[in-house]
Amino acid sequence: MSRIDCGENADLLLKFVAGRLDSEAQVRLNRHLEICPACREFAGGQKTVWDSLDAWEMAPVSPDFDRRLYARIQGEVSWWNRILAPFRPPQIRKGWPIAAAAWLVLVAGIVVVDRSIMVRPAPRKTSIQVESLRPDQAQNAIEDMEMLQEINGLVGPASAASKM
Ligand SMILES: [Zn+2]
């Protein structure tokens, strides 16, 4: 029968207070506490600490703690869902507005290209004009023509609007 050596069994007392001793050791320690005021005091002090810890831990747990916790977890999850939505195949429909916007940009680009082609005058006249010129002169002439066409394209709609 091992006696509790006071001062060296703080760990045992702490386990006793925490309820982590097996029943035999608990009985033995209880018996010792009855005859040893020092250990009783130590155990009592630890018990107070544990009780206050329990009280401290219990106090903040309100009845809807779990609900609020899960609501918060849910909130975080949906936050991540929103971030990851464009990268997830099952939620590709959520990315539809982006696809539609990209498609609209593409269509708008085609329309602009179409208009620039339409604004361009018939090339036949130009080719007749540049036939008698040397290649470098022809190049300059073409560049001049293109610049004029671009200016016409820019000024055209505005002058048309000013006439209205
Ligand atoms: Zn003792």
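These notes cover the helices, the core and a few residues of the predicted model.

1. Basis. Residue numbers start from 1 along each chain as its sequence is written. The model is predicted, with local features requiring pLDDT of at least 70 and side-chain atom pairs counted only at pLDDT 80 or more, while totals for chains, interfaces and linings use all residues.

2. Overall make-up. The protein chain has seven helices and zero strands, and from the N terminus on its elements run α-α-α-α-α-α-α. Helices (H or I, at least four residues) and strands (E, at least two) are DSSP runs, numbered from the N terminus.

3. Of the 164 residues of the protein chain, 4% count as buried. A residue is buried if 20 or more other C-beta atoms lie within 10 Å of its own, exposed if 12 or fewer, and partly exposed in between, with C-beta atoms placed from the backbone. Contacts (C-beta atoms, placed from the backbone, within 7 Å) between residues at least 6 apart in sequence join residues at least 24 apart in 52% of cases.

4. Core. L13, F16, V17, L29, C39 and A43 form the largest nonpolar core, which has six residues. At least two residues of this core come from each of α1 (10-18) and α3 (37-58); α1 gives the most, with three residues. A nonpolar core here is a set of buried Ala, Val, Leu, Ile, Met, Phe, Trp, Tyr and Cys residues joined through C-beta atoms within 7 Å.

5. Sides of α1. The buried residues L13, F16 and V17 belong to α1. They lie on the same side of α1 because they cover an arc of only 95 degrees around the axis, the arc being that of the directions from the helix axis to the C-beta atoms. An α-helix has 3.6 residues a turn, so residues three or four places apart point the same way. On the other side of α1, D11 and A18 are exposed. Just after α1, G19 has a positive phi of about 75 degrees.

6. L12. This residue is also found in helix α1. L12 counts as partly exposed because it has 18 C-beta neighbours inside 10 Å. L12 and A25 are 13 residues apart in sequence, with 8.8 Å between their C-alpha atoms.

7. V17 and V49. Leaving out residues up to four places away in sequence, V17 touches A43, Q46, K47 and W50. V49 is found in helix α3 and is exposed, since 12 other C-beta atoms lie within 10 Å. From C-alpha to C-alpha, V49 and V17 are 9.7 Å apart in space, and they are 32 residues apart in sequence.

Technical notes:
Two residues are in contact if their C-beta atoms, placed from the backbone, lie within 7 Å.
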